[in-house]
Amino acid sequence: MSRRDFLLRKFLLSLVTIFVVIVINFMLFRVLPGDPVRSVIGRNVRISAETQQALREQFGLDKPIFPDQFIDTIGQWAQGNLGISWSLRRPVSEVLMSKLGNTVLLIGLGQVLAIFLGVTLGLLAGWKRKTAIDVGALTFSLVAWAIPTFWLGIIFLAAGSAWFGLPTAGIMSPENTGKPLMTILPDLARHLFLPTLTLTILYLGEYMLIMRSSILEVLSEDYILTAKAKGMSDWQVLWRHALRNAMLPIVTLIALNLGFTVSGAIYIETVFSYDGLGKLFQTALVKQDYPLLQGAFLLLAVSVIIANMAADILYAVLDPRVKES
Amino acid sequence: MNENWALFKRNLFEFWKAFRRNKLGLLGGFLVLTAILAATFAPLLTPYAPTEVIRDVNGRGLTFAPPSVHAPLGTDDAGRDIWSQLIYGARVSLAVGFLAGFIAMFIGSLFGILAGYFGGRIDNLLMRVTDVLLVIPDLPLMLVLVATLRQMDLHVSPLVVLVFVIGLLYWTSTARLIRSQVLTIKERQYVARSRAIGAGHVHIIRKHILPQIMPLIVANTVLIISTAILIESGLAFLGLGDPTQPSWGAMLNFAFDRSAVTNGAWWFYLPPGFAIVWVTLGCVLLGNVLEDMLNPRLTAHHLESNQNMIAIQKREGE
Amino acid sequence: MTVQPLLSVRHLTTEFQLAGKQIARALEDVSFDVMPGKTIGLVGESGCGKTTTLMSIMRLLPASGRITSGNVYFNGIDLLTLSEHEMRAHRWKEMSIIFQGAMNALNPVMKIGDQIREAILLHNLMPRNAAEQRVGELLELVGIPRLRRDLYPHQYSGGMRQRAMIAMALACSPDLLFADEPTTALDVMIQAQVLELLKEIQKKLGLAIVLVTHDLGVVAEMCDDVVVMYGGKVAEYGSAELVYNQPQHPYTQRLLEAFPDLSRSIDSSTDLATIPGTPPRLNALPPGCRFSPRCHKSMEICTQIAPDLIAQNTAGNAQHLAACHLLNKLEIKNS
């Protein structure tokens with residue numbers, strides 16, 4: 001497969017997946033009981049039957065669901081018009097955008113730490129197979145896998161606040177809002193510490209396991225023997241020959257894990273009352289705020305799909321075998 | 001009794017003999033088995049009904065009481081016994097996990113066998129469907145699905161909704177695994193021979209393919225069940241469980257919502273989590289050991305330290 | 001003045017630890033010499049210890065492998081007494097190796113030229129720009145245009161990859177080249193080209209080659225000396241001419257019958273004899289001579305006592321040794 005075909009295929013797959021997400025989202029929107037007009041203006045607003053009818057026509061809700069309404073809805077979504085949140089009475093897109101930054105900050109920190117530590121430890125574990133490092137790493141990732149994200153968060157929350165006096169909610173202390181970033185950094189760090197720690201520990205195990213099995217596979221390849229035969233030390237072999245080859249599956253994993261990362265954000269932001277998309281998602285769920293729920297789902301799903309495609313492109317750049325036939 | 005199944009039975013016996021020596025596998029089996037037993041004999045193991053409020057001499061509910069002789073794991077915010085809730089919660093968590101796991105296993109195995117055996121368009125379709133499902137973030141999808149389904153007037157328990165949503169979304173990895181296994185079995189001599197003498201598809205799948213992939217399906221199911229239990233606990237924690245039949249996740253939801261953390265009621269929020277880890281760890285250990293035994297992984301590599309490569313005794317004068 | 005051997009393997013014994021604490025003796029008492037600028041062939045069926053011999057000499061055995069006795073003298077130094085650090089300096093600089101499948105032996109995500117240059121730089125032989133120059137020369141030496149240095153292994157054809165592997169093996173101008181079934185994975189046409197290339201290079205650079213193969217035709221064409229191995233032991237050892245024309249060990253005789261004679265025309269429909277049975281598993285070696293279960297001349301003693309290598313009477317100083325009780329009959333009768 002040529003590189004162009006590879007990327008084209010991945011691109012088409014992403015398009016299809018986005019389409020599937022849109023269809024799911026659209027259908028769920030329609031199967032809800034009650035008049036869809038409500039989803040636009042809110043549930044508890046009193047309106048007369050005539051106004052309701054007028055609104056129906058205005059939003060095209062009197063037209064057939066497929067294709068007219070479907071195409072119309074996609075058009076609206078494409079313009080970033082995701083409806084009005086029932087509970088917050090604000091446009092969904094505006095609400096989403098205001099929370100996006102916080103979540104990206106949390107996920108980004110957790111991922112970077114987890115990838116760095118996970119890859120390093122996985123490398124050591126695979127290289128020094130069957131030693132204490134390896135057994136320790138395996139045990140750790142096994143337990144990390146079996147622990148529910150939110151429960152670990154609750155334990156850290158309880159321990160952190162009781163023993164270390166760390167804040168239990170939010171991203172910064174209320175008195176610090178609006179102050180310049182430099183002055184509130186320590187406060188920010190104190191708030192971010194526990195959620196980031198939880199995220200890192202959870203993802204660490206996964207990266208470690210994959211890196212371990214990846215490096216094990218690479219180290220049993222013939223070109224590693226060639227490198228040793230050239231007179232290289234183990235470190236040189238690892239650094240120059242094994243690492244890059246072993247990293248390739250990790251790139252794909254990081255992409256595939258983005259969905260998993262989003263799950264983590266929902267749990268952890270809920271536990272730590274962290275003001276991001278995950279917490280927003282949970283609030284929408286509890287308050288049965290469907291426009292917000294679906295808007296958030298659309299945003300999360302499409303971001304993950306696009307990030308996935310980005311990882312595929314990165315993979316194609318890193319692995320010369322994808323370049324040409 | 002077909003000879004392949006007889007072989008399967010003999011293999012199973014050999015398997016048990018090898019498994020018995022594997023400490024991790026036995027530990028996993030022990031963890032899972034105790035949980036199942038606790039769920040089965042819940043009424044015998046609990047001093048109270050899970051909904052019963054324990055009252056003091058004045059008739060007031062014994063709320064947020066730490067562990068004592070009256071309530072071995074303390075009480076919750078309404079004065080109900082945590083231990084009893086925990087044991088009855090095992091029924092809910094395990095039932096949802098096992099049922100969802102079985103649904104996922106059934107769909108996954110069916111699609112995997114069909115795709116692997118028949119190939120062509122079915123295979124292509126399956127791979128594309130799994131490709132798509134793999135990329136959509138699963139928790140948001142499930143939350144939206146469950147939330148919507150609950151809003152519709154389906155007249156079913158929220159737990160049934162959970163079972164089906166989890167079961168219908170978690171079959172893809174099983175399908176891929178089974179598919180690749182079937183692909184290799186299909187190429188083997190006796191299957192080709194069987195086809196050549198005119199055996200039907202159903203016959204070949206039943207007599208040749210199924211007995212071979214059965215162990216793999218079992219190992220995979222155990223792993224899927226652990227995932228399903230974890231997912232259920234998460235969804236219940238986010239408030240999508242059945243409040244009248246609390247699972248371990250729903251217990252944690254109550255604990256968190258009713259400020260068990262700020263009240264320092266560790267006996268409220270620790271036990272359900274331990275219970276979840278108990279079962280999922282058990283399943284993972286069991287599943288991994290089974291998988292490893294069926295499908296041994298790499299045994300050595302080129303950088304494995306070999307200080308003893310030269311085992312010659314030092315010569316004199318050195 | 002006699003020429004000293006470049007490599008002298010003495011009584012090399014290597015064991016592998018198998019699952020369940022079983023020990024497999026992969027090599028036992030293997031001895032042979034490699035003279036400077038000459039080619040020696042290691043011949044035998046797969047699993048007879050050819051590759052293990054190379055890996056033991058270069059000390060690249062997997063973790064389960066252990067050299068339990070013997071010496072490997074290279075230019076008079078016993079490699080088995082060196083530290084791993086000292087050993088590294090010998091690898092590639094003085095002895096390099098070509099593996100069977102060049103596709104797998106080359107790093108898939110590294111440019112061919114970089115892989116060759118890496119070997120030169122690793123041993124600090126010359127500065128970077130001179131090394132780059134040398135990469136070009138090496139590629140041209142094996143018949144690959146310089147410009148192709150920037151391609152990746154998967155962009156080369158099978159034959160080209162093996163040539164690139166040879167260029168890489170020559171990077172540090174070694175005195176000794178191990179070639180482990182260098183042509184097995186290639187088309188017949190390409191096989192001939194690669195062998196021709198090896199010969200040419202040997203003539204030009206004067207290095208010694210240890211050629212591991214199961215193809216006696218290749219040995220006949222390339223080698224000065226032959227070591228025939230069976231079940232981890234040397235069955236017969238001598239100059240190629242003697243081993244070919246007067247094979248002493250029944251195994252060698254059978255091997256020679258099993259392979260088509262290159263001097264005969266290919267289309268002559270001579271029936272190729274095959275050796276019944278399979279080589280012994282190294283953890284379940286038969287007592288006595290290891291070939292005895294498959295030997296058409298097996299006697300009672302063969303199943304009880306392992307034969308020693310016995311020197312054959314040869315004209316001049318040519319060497320010829322074989323391990324078979326048949327050659328020993330007189331002694332047994334006399335004793």
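This is a predicted model: local features need pLDDT of at least 70, side-chain atom pairs count only at pLDDT 80 or more; totals for chains, interfaces and linings use all residues.
Polar contacts between chain B and chain A do turn up, and they come to three residue pairs. Which elements of chain B give two or more residues to the side that touches chain A? They are α5 (120-135), α6 (138-151), α10 (201-240), α11 (248-257) and α12 (266-294) of chain B. Of these, α12(B) gives the most, with eleven residues. If you sort the residues on this side of chain B by kind, you get 33 nonpolar, 13 polar and four charged.

How much area do the two chains bury? The size of an interface is often given as the accessible area lost when the parts come together. Chain B and chain A bury about 4800 Å² between them, and carbon and sulfur atoms account for 79% of it. In terms of residues, 50 from chain B are in contact with 60 from chain A.

Now let your eye move over to chain A itself. This chain has twelve helices and zero strands. Its C-alpha trace spans about 85 × 60 × 35 Å along the principal axes. Side chains of opposite charge can pair when their charged atoms come close. Lys99(A) and Asp275(A) form a salt bridge, with their closest N and O atoms 2.8 Å apart. Why does this pair tie together parts that are 176 residues apart in sequence? Because Lys99(A) sits in helix α5 (residues 92-127) of chain A, while Asp275(A) sits in the loop between α10 (234-271) and α11 (277-286) of chain A. Over all chains, a search of the whole structure finds 25 salt bridges.

Next, turn to chain C, where you will meet strands. Strands of a sheet pair through backbone hydrogen bonds, either parallel or antiparallel. One open sheet of chain C has four strands in the order β2-β1-β4-β5, with antiparallel pairing. At the edges stand β2 (23-34) and β5 of chain C, each with a single partner strand, so one side of each has no neighbour in the sheet. Helix α1 (residues 50-57) of chain C packs on this sheet and touches β1, β2 and β4 of chain C, its direction making about 110 degrees with that of β1(C).

Let's follow β4(C) through its pairings. Strand β1 (residues 7-17) of chain C and β4(C) run antiparallel and are joined by eight bridges. You can find Glu15(C) standing opposite Arg66(C) in β4(C). With strand β5 (residues 77-78) of chain C, β4(C) also pairs in the antiparallel sense, over two bridges. Here Tyr73(C) stands opposite Asp78(C) in β5(C). β4(C) and β5(C) form a hairpin with two residues between them, and Asn75(C) in the turn has a positive phi of about 50 degrees.

Where does chain C touch chain B? In this interface, 15 residues of chain C are in contact with ten residues of chain B. Ala63(C), Arg66(C) and Ile67(C) are the residues of chain C that lose the most area to chain B, together 41% of what that side buries. The area buried between chain C and chain B is about 990 Å², with 56% of it from carbon and sulfur atoms. Between these chains there are zero salt bridges.

At one end, β11(C) pairs with strand β12 (residues 320-322) of chain C in the antiparallel sense over two bridges. There, Ile310(C) has Ala322(C) in β12(C) as its bridge partner.

Methods. Residues are numbered from 1 along each chain as its sequence is written. Chains are lettered from A and ligands numbered from 1 in the order in which they are written. Side-chain values use heavy atoms; hydrogens and water are left out. Contact means heavy atoms within 4.5 Å. Buried area is the accessible area (1.4 Å probe) that two parts lose on being put together, summed over both. A salt bridge is a side-chain nitrogen of Lys or Arg within 4 Å of a carboxyl oxygen of Asp or Glu. Two strands pair if DSSP finds at least two bridges between them. A polar contact is a pair of N or O atoms within 3.5 Å; within protein, one must be able to donate a hydrogen and the other to accept it, and residues adjacent in sequence count only if both atoms are side-chain atoms. Ala, Val, Leu, Ile, Met, Phe, Trp, Tyr, Cys and Pro count as nonpolar, Asp, Glu, Lys and Arg as charged, and the others, Gly among them, as polar. Axes are lines fitted to C-alpha atoms, for helices over the stretch in contact, and angles run from 0 to 180 degrees between N-to-C directions.
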